Amino acid sequence: FKLSEHAIRLAMKIKKGFEDKGYDFMCVSATNQQFPILSYEQIERLKGEFSFDDYGPADENHRYVRFCTSWATKPEAVDALIAAI
């Protein structure tokens, strides 16, 4: 539980960062995985600096992506992601 607490806390910070900037999500997740919907342009801009998975098309201009945190995720990496979105 101690290891997952860190991952989930940082995932919730990612979720809030996307929510605060008006992003929608594929689903509501209370886990260490978050699924925001990004435009192709946003994906291209973020993929060189951040690691995330492409989960497929949301519509013709957007895709579902997955950000996943772990026990090893650094808080400063989450802060950098939030600043970049």
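**Salt bridges**

Start with the charged side chains: the whole structure holds five salt bridges. The term here means a side-chain nitrogen of Lys or Arg within 4 Å of a carboxyl oxygen of Asp or Glu. Side chains of opposite charge can pair when their charged atoms come close.

Before you click further, note that this is a predicted model, in which local features need pLDDT of at least 70, side-chain atom pairs count only at pLDDT 80 or more, and totals for chains, interfaces and linings use all residues. Residues are numbered from 1 along each chain as its sequence is written, and side-chain values use heavy atoms, with hydrogens and water left out.

Select K16 and D20. They form a salt bridge, with the closest N and O atoms 2.7 Å apart. Both sit in helix α1 (residues 2–20), four residues apart, so about one helical turn separates them. Helices (H or I, at least four residues) and strands (E, at least two) are DSSP runs, numbered from the N terminus. K16 is partly exposed at 45% relative accessibility. D20 is exposed, with a relative accessible area of 55%. The cut-offs: buried is under 20% relative accessible area, exposed is over 50%, and partly exposed lies in between (1.4 Å probe, protein chains only).

Next, select R66 and D53. Their closest N and O atoms are 2.5 Å apart, another salt bridge. This pair links distant parts of the chain: R66 is in strand β4 and D53 in strand β3, 13 residues apart. R66 is buried at 18% relative accessibility. D53 is partly exposed at 33%.

R63 counts as buried at 18% relative accessibility, while D54 counts as partly exposed at 45%.

**Helix α1**

Go back to α1 and show its C-alpha atoms. The expected span of a helix is 1.5 Å times one less than its number of residues. For the 19 residues of α1 that gives 27 Å, and the end C-alpha atoms are 27 Å apart, which agrees.

Which residues of α1 are buried? Colour H6, A7, L10, A11, I14, K15, G17 and F18. The buried residues of α1 pack against β1 (33–34), β2, β4 and α3. Contact here means heavy atoms within 4.5 Å.

Step past the end of the helix. G22 follows α1 and has a positive phi, near 85°.

**Helix α2**

Select residues 40–47, helix α2; its buried residues are Q42, I43 and L46. Look down the axis of α2: these buried residues fall within an arc of 100°, so they line one face of the helix. The arc is taken from the directions from the helix axis to the C-beta atoms.

Turn to the face away from the buried side. E41 and E44 are the exposed residues there. Then display what the buried residues of α2 pack against: β2 (37–39), β4 (62–68) and α3 (75–84).

**Aromatic rings**

Show the rings next. Rings of Phe, Tyr and Trp (its six-membered ring) pair if their centres lie within 6.5 Å; planes under 30 degrees apart count as stacked, over 60 as edge-to-face and the rest as tilted. The count comes to five aromatic pairs.

Pick F18 and Y23. Their ring centres are 5.0 Å apart and their planes stand at 90°, so the pair is edge-to-face. F18 is buried, with a relative accessible area of 0%. Y23 is also buried, at 15%.

Move to F52 and F67. This pair is tilted, at 5.0 Å centre to centre and 35° between the planes. F52 lies in the loop between α2 and β3 (53–57) and F67 in strand β4, so the pair ties together parts that are 15 residues apart in sequence. F52 is buried at 17% relative accessible area. F67 is buried at 4%.

F18, Y23, F25, F52 and F67 form one aromatic cluster.

**Cysteines**

Last stop: the sulfurs. A disulfide is a pair of cysteine sulfur atoms within 2.5 Å. How many disulfides are there? The count is zero.

Select C27. The nearest cysteine sulfur, that of C68, is 13 Å away. C27 is partly exposed, with a relative accessible area of 32%. C68 is in no disulfide either. C68 is partly exposed, at 39%.
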